[in-house]
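Student: Please pick a single spot in this model and look at it closely. Then take me from there through the rest.

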Amino acid sequence: MIKLAVLGYGNVGSGVVEVIEKNKDEISKKANAELSVKYILDIRKFPGDPHEDRIINDFEQILNDPEIQIICETMGGINPAYDFTKRALLLGKSVCTSNKELVADHGPELLKIADEKKCNYLFEASVGGGIPIIRPLNYSLTAEKIDEIIGILNGTTNFILSKMEKEGAGFADVLKEAQDLGFAEQDPAADIEGHDACRKLAILSSLMTTNNVNYKHIYTEGITKITAEDFTYANAINKTIKLLAMSKYDNQGNFYACVAPFMLSKEHPLYFVNGVYNGIYVHGNMLGYSMYYGKGAGKLPTASAVVSDVVDCARHLGKTIMCFWDKEDVTVAPFENRVGQFFVRIAGTPENIRSAGQFFTGLTAVPPVISGEYAFISAGLSEAEFAEKVKLLPGGIISRIRIA
């Protein structure tokens, strides 16, 4: 029998216990050993909980128990999760986590410790909830040179944008609905400003490049400026708007990474990823594109991914599963050098329209949708060139959205 501890008895932690209990026979068969949760660590009391007898509030009890071989860290945040994880790994106890903040901040260090101590630090649940994506990048696609990842990595923002598109509603109204339904936190900044997706992209990009992509070097823009009018335009040109997390190598070998709203055409596979679902589109130089789709968050999907890591750890006791993520930082090319097209809205004065035609050569006019406005799609140009041209427009712009 293999004894486990679960750190944090919140949404995901309680889900981990539930998955292990409900699927005990299947899990034990696949792990080739019976798995049992011995401790649940939380500072709160849970009177009447069916697992109340296992709940403790002292991490040292877990750390000092030689029976505990695998720990599920579902606390979230950096502290005390970092300290607990590091100390457990140093003692040779494997750790499985859903904590994207910790993985993005300290992944290479914790993986190195696990390698030295012949145990494992696994984090399938840190990106995409229950969608298998870490394993495909780390195991299944090892014959590939991965040169591009495009993903919808945040269910909250995808839910908001999908509702805005479907109902013609404004951002603030849909955000409140998402909060009322429990899809968005009362402080939603991490989601709507793109920070959550940014950390997840940093993890995927690090596995893609096999070196460390620092999330602080990724250009990040949220969805707070997207309006119902933007969706009116998008619909008129058979496109939608998604918050995309993108990393890729260009033809010169420069590596770019960003999180921002993009317009997508109906031909793009991510066009149809709606609601709280996530989708991740990966390109390998031999395979071409492959896509991974499913529930990107939620108690049981995320818990299922944590437990899949537990099974992997159980099958590899005393052995480290290879993970290609070194500590050397990848040089992320300056975002202002990225080249792409832009959808642009301006006030429809004759002077503005003339100036747009003069400064944005090769633009494509968008059919008129909103009275008093003029909209167009630019030719391909760099972020820096676009910013300079916008300064030349006498009336400025109403908004701009990049085209994927």
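Tutor: Partly exposed lies between buried (under 20% relative accessible area) and exposed (over 50%), using a 1.4 Å probe and protein chains only. This is a predicted model: local features need pLDDT of at least 70, side-chain atom pairs count only at pLDDT 80 or more, and totals for chains, interfaces and linings use all residues. Residues are numbered from 1 along each chain as its sequence is written, and side-chain values use heavy atoms, without hydrogens and water.

Now the backbone of Asn 238. Its phi is near 60°, a positive value in a residue other than glycine. Look for Asn 238 in the loop between helix 11 (228-236) and strand 9 (239-249). Helices (H or I, at least four residues) and strands (E, at least two) are DSSP runs, numbered from the N terminus.

Compare Thr 210. Phi of Thr 210 is near 70°, again a positive value in a residue other than glycine. Thr 210 sits in the loop between helix 10 (195-209) and strand 8 (219-220). It is partly exposed, with a relative accessible area of 32%.

Another backbone feature is a cis peptide bond between Asn 79 and Pro 80, with omega about 5°. Pro 80 belongs to the loop between strand 4 (68-73) and helix 4.

The axes of helix 4 (residues 81-90) and helix 5 (residues 100-116) come within 10 Å and cross at roughly 15°. Axes are lines fitted to C-alpha atoms, for helices over the stretch in contact, with angles from 0 to 180 degrees between N-to-C directions. Helix 4 and helix 5 are therefore roughly parallel. The cut-offs are under 35 degrees for roughly parallel, over 145 for roughly antiparallel, 65 to 115 for roughly perpendicular, and oblique for the rest. From helix 4, Ala 81, Tyr 82, Thr 85, Lys 86, Leu 89 and Leu 90 meet Leu 102, His 106, Glu 109, Leu 110, Ile 113 and Ala 114 of helix 5. Contact means heavy atoms within 4.5 Å.

Move on to helix 7 (residues 155-167) and helix 8 (residues 171-180). Their axes come within 9 Å and cross at roughly 125°. Helix 7 and helix 8 are therefore oblique to each other. Here Phe 159, Ile 160, Lys 163, Met 164 and Glu 167 of helix 7 meet Phe 171, Val 174, Leu 175, Glu 177 and Ala 178 of helix 8.

Next, Asp 25 in helix 2 (residues 24-31). Asp 25 counts as exposed, at 64% relative accessibility. Leu 35 is ten residues from Asp 25 in sequence, and their C-alpha atoms are 9.4 Å apart.

Finally, step back to the whole protein. It has 14 helices and 17 strands. Its radius of gyration is 23 Å, close to the 22 Å that the globule rule gives for 404 residues, so the protein is as compact as a globular protein of that length. That radius is taken over C-alpha atoms, and the rule is 2.2 Å times the number of residues to the power 0.38. The C-alpha trace spans about 75 × 45 × 30 Å along its principal axes. Of the 404 residues, 56% count as buried. Among contacts between residues at least 6 apart in sequence, 73% join residues at least 24 apart.
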